[in-house]
Amino acid sequence: MELRPAFSREDATPPTRPADAPYDLALRPKRLAEFIGQGPVVANLRLSIDAAKSRGEPIDHVLLSGLPGLGKTTLAEILALEMGSTCRTTAGPAIEKPGDLAGLLTSLGRNDVLFIDEIHRLPTHVEEYLYSAMEDFRLVIMLDQGPRARAVPLQLHPFTLVGATTREGLLSEPFRARFGIHERLEPYEAKLIAEMVARSAGLLGLAIDEGAADLVASCSRGTPRLANRFLRRLRDHADVAGSKTITMAMADAGLARLGLDENGLLALDRKFLLLLERAQDRPMGLKTLAVALGEEERTIEDVYEPYLIREGLVAKTPRGRVITPSGRELLTRAGRPSKDAP
Ligand code: ADP
């Protein structure tokens, strides 16, 4: 296997949110009609939007699940735009106490959307505080403390809570039950990702050859955010070459510089496989893997592992992760580049 040098740690990491935020924003579809793929999800949401509009009510609360970068935030913003309302965004870990939530909820206008990313990370006492707001748009706020404490009920404007989660299983049953609409986003087929790449290139004022868009798509593990990130780096190549078109040669060279091998694996994927192979048939726990790979457990579980499992290279057993015969075969085919050794 020709092993290409990794570009930088940031580039070689499938992106999660922060570094991509401004870029994501620019490329985000604004309307449901512009949202590519996820046909059944889009059809259900279209129906809910039309029904809510005809009744003059907010859309029922929506729980969106799926891996990072598949379009959950994009859909929440689209729901607000389609309703002609505003989307306020926060994230589970950012809300520590009911008071943080009360401020957000009272700022919502009629039919607005409150988007809570990583909703499974909301503290339990905050989650329970949300129940009455979700059910009948009421909040109870506590004024003063000790013997002078008073509970003051507050009526909110009707709103839609959109929760996004990569781990639906971590949500309590009472919380899940309060969402009327549950939709799961799946990784996209490569041809849809290629369509998104062409659309994103257009928004960046570039053309991209069909083969180049297909190549980017084949390396993007069904994840639009990753495809957009690769495209951003390829734009640098085009700019340097003074070209308004991303050619196949640029895509090939650009992806190689990001440390992608011809199997579409990143350096960390290869290290992951090598570690498991060296463990022989002993399953490895998440903690051990995280330490050995120098990555957060959550990133391994949400970003790297799902792809390796989907590709049949790694299997999850009750005792930990093991490499599959296909994973072994890939390493044998690839040789064992010493620079990847963990
Ligand atoms: P999530 O919230 O699931 O992590 P985002 O909604 O932030 O994912 O999407 C990441 C990026 O991918 C956004 O910039 C958006 O432009 C793009 N994207 C996601 N889904 C689609 C889609 N179906 N069509 C076009 N672009 C998409």
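**Where the ligand sits**

The chain splits into domain 1 (9–184), domain 2 (190–257) and domain 3 (267–340), with bounds that come from an automatic or database domain assignment. This is a predicted model, in which local features need pLDDT of at least 70, side-chain atom pairs count only at pLDDT 80 or more, and totals for chains, interfaces and linings use all residues. Residues are numbered from 1 along each chain as its sequence is written, and side-chain values use heavy atoms, with hydrogens and water left out.

So who's around the ligand? The ligand is surrounded by 19 residues, and the closest are Arg28, Ile36, Gly69, Thr73 and Thr74; to be near, a residue needs a heavy atom within 4 Å. Sorted by class, this shell holds nine nonpolar, five polar and five charged residues, with Asp, Glu, Lys and Arg as charged and Gly among the polar ones. The centres of domain 1 and domain 2, taken over C-alpha atoms, are 31 Å apart.

Now for the polar contacts (pairs of N or O atoms within 3.5 Å). A ligand oxygen is 2.7 Å from a side-chain N or O atom of Arg28. For Thr73, a polar side-chain atom lies 2.5 Å from a ligand oxygen, and for Arg225 the corresponding distance is 2.8 Å. The protein covers 99% of the 560 Å² of accessible area that the ligand has on its own, by the Shrake-Rupley method with a 1.4 Å probe.

Key:
A polar contact is a pair of N or O atoms within 3.5 Å; within protein, one must be able to donate a hydrogen and the other to accept it, and residues adjacent in sequence count only if both atoms are side-chain atoms.
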